[in-house]
Amino acid sequence: MKSFDDFRNKLIENNRKEFGMLYDQLRKISYYRAVEAEDERLSLLESLHEKLKYEFNQTKPYAYSVSPGCRLCGAGEWSCLFINNRCNCHCFYCPVAQTNDRLPETQGLSFSTPEPYIAYLQRFGFKGASISGGEPLLSFDLTLDFITKIKRTFGDQIYLWLYTNGKLLTESMAGKMANAGLDEIRFDLSATSYNTRFLKKALKVIPQVTVEIPAIPEDFEKLKKAVRELEQLNVSFLNLHEMRLTPFNLNNLVNRNYTFRHGHKMTVLESEMTSLKILQFVLNNDLQLPVNYCSFHYKNHFQKAGFRRKFGEAVLEAGEEITANGYIRKIAIEASNNEICGQMQHFSGNALSGELVPDHEGKKIIIKKDLLGKITLDNCKATINYFTVQLSDQPVENSIMIYPDNGKPLYLKRMPTTSSIIVDEEIREDVFGLMNGRETEAVSYSDTLFSVAQHEIPAKGMGDYY
């Protein structure tokens with residue numbers, strides 16, 4: 001298990017660095033508490049086995065159904081535009097400061113008007129988009145302008161939703177957004193002490209009304225009461241988020257005596273348990289409100305994989321492929337010119353010959369994964385490189401400029417995520433299996449195979465406790 005343990009230790013060290021000296025103040029999950037929590041979670045999920053559903057490799061448990069927007073999010077077909085950086089609430093769990101206006105932005109790209117953002121959506125083929133804040137209703141005219149022009153351009157080709165705490169919502173605002181084509185509105189009811197009076201204004205006119213909130217452990221009884229009310233109001237969906245620890249909200253969360261679990265970021269153990277218990281409450285009481293649990297584990301893996309896939313496709317070179325986990329994969333066979341020529345001739349006239357791409361120097365060929373199990377490796381070296389893509393609205397070294405119609409220039413840069421991985425006969429079968437979604441125990445003991453697995457295979461199941 002060395003490779004697996006090393007990976008976990010690296011994540012723990014990254015968390016330690018993020019919080020610095022404050023890290024030691026955190027009530028971190030102990031080994032015994034982790035074991036206890038694993039048993040508790042497993043027992044809870046098994047008790048709902050006949051009723052509970054899952055999406056995205058069993059990382060997202062839910063009751064009944066999930067919003068069309070949530071499905072697009074997990075599939076990597078969603079773009080979230082942050083319309084400003086200003087909020088009229090001061091929720092204790094908020095992960096970042098939202099006190100200063102800035103231009104609408106997404107993925108580090110800013111868009112002062114709807115037209116270049118629409119060009120961006122078109123260029124990358126997004127099927128879903130959302131408008132978030134801070135609080136979008138603080139910039140209502142700008143928000144409405146984006147909604148109107150996005151839906152005028154795409155119609156039903158894009159599913160569009162908006163996030164709000166609802167405090168500023170009027171019936172007039174709701175009507176204008178509905179007339180502009182807004183498909184869904186999502187309320188953070190915890191920001192208003194679970195008061196539904198703002199939400200009711202949207203129920204009259206907007207097709208889908210969702211409540212999306214962090215699962216606050218001490219609010220469990222309030223949540224159960226809210227669930228019953230939301231069902232009676234015919235609210236479309238309830239989305240429960242796992243609370244995440246950040247340097248900004250650390251003091252607030254530490255003072256509540258939560259238990260923090262490690263991962264790519266630190267999250268609140270009790271928040272996950274609260275979400276699962278609400279799912280249990282809904283299903284065991286035959287309530288009909290659709291509920292889904294959106295964990296950081298799910299978001300970190302499937303949202304990111306979707307973005308990698310979406311942007312990777314824009315810079316894909318001949319012979320390369322996108323892995324199931326969203327990375328660009330480049331397999332190269334390196335040898336002498338004679339050996340390369342021999343490999344090319346071996347497949348000449350074969351249907352697979354189109355899978356071989358000679359490089360400009362003639363000293364290697366680029367092959368797709370299905371050929372890795374067929375090509376002769378005698379006197380050759382096979383290597384794998386993985387890449388992801390960095391976006392910017394400013395030119396950076398070795399970046400590729402794209403210019404969407406009616407948009408502004410965007411710059412994409414291929415970033416290697418690992419050094420070249422050498423594939424020899426000893427591990428070729430394991431590597432080929434990983435590329436086709438088959439994982440073996442050898443992955444936990446081999447750094448090479450573990451690295452391949454990380455790039456090839458999407459996360460499965462709920463996140464570990466440690």
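Just after helix H8, Asn234 takes a positive phi of about 60°. Helices here are DSSP runs of H or I with at least four residues, strands are runs of E with at least two, and both are numbered from the N terminus. This is a predicted model, in which local features need pLDDT of at least 70 and side-chain atom pairs count only at pLDDT 80 or more, while totals for chains, interfaces and linings use all residues. Residues are numbered from 1 along each chain as its sequence is written, and side-chain values use heavy atoms, with hydrogens and water left out.

**Helix H8 and its surroundings**

H8 itself runs over residues 220–232, and its 13 residues reach 19 Å from the first C-alpha to the last, close to the 18 Å expected at 1.5 Å a residue; the expected span is 1.5 Å times one less than the number of residues. Its buried residues are Leu223, Ala226, Val227 and Leu230. They cover an arc of only 110° around the axis, so they sit on the same side of H8; the arc is taken from the directions from the helix axis to the C-beta atoms. Glu221, Lys225 and Gln232 are exposed on the other side of H8. Buried stands for under 20% relative accessible area, exposed for over 50% and partly exposed for values in between, using a 1.4 Å probe and protein chains only. The cover over the buried residues of H8 includes helices H7 (199–203) and H10 (269–284), along with strands E9 and E10 (237–241).

**Thr210 in strand E9**

Strand E9 spans residues 208–214 and holds Thr210, which counts as buried because its relative accessibility is 0%. The side chain of Thr210 makes a polar contact with that of Glu184 at 2.6 Å. Such a contact is a pair of N or O atoms within 3.5 Å; within protein, one must be able to donate a hydrogen and the other to accept it, and residues adjacent in sequence count only if both atoms are side-chain atoms.

**Helix H4 and the cores**

Let us move on to H4 (residues 114–124), a mostly covered helix with eight of its 11 residues buried. Among them are Tyr117, Tyr120 and Phe124. Gly125 follows H4 with a positive phi, near 70°. Tyr120 is also one of the residues with the most contacts inside the largest nonpolar core, which has 88 residues; the others are Met177 and Leu238. A second, separate core of 25 residues includes Ile384 and Val452. A nonpolar core is a set of buried Ala, Val, Leu, Ile, Met, Phe, Trp, Tyr and Cys residues joined through side-chain atoms within 4.5 Å.

**Contacts compared**

| Residue | Touches |
|---|---|
| Thr210 | Glu184, Ile185, Arg186, Phe187, Val235, Ser236, Phe237, Asn239 |
| Tyr120 | Ser79, Thr106, Gln107, Leu109, Phe111, Phe126, Phe311, Leu391, Leu410 |
| Cys73 | Trp78, Tyr298, Gln303 |

Cys73 belongs to helix H3 (residues 68–74) and counts as buried because its relative accessibility is 9%.

**Aromatic pairs**

The whole structure holds 18 aromatic pairs. Rings of Phe, Tyr and Trp (its six-membered ring) pair if their centres lie within 6.5 Å; planes under 30 degrees apart are stacked, over 60 edge-to-face and the rest tilted. Tyr298 and Phe302 have ring centres 6.1 Å apart and planes at 20°, so the pair is stacked. Both residues are buried. One aromatic cluster is formed by Phe111, Tyr117, Tyr120, Phe124, Phe126, Phe146, Phe307 and Phe311.

Conventions. Contact means heavy atoms within 4.5 Å. Lists of a residue's contacts leave out its neighbours within four places in sequence.
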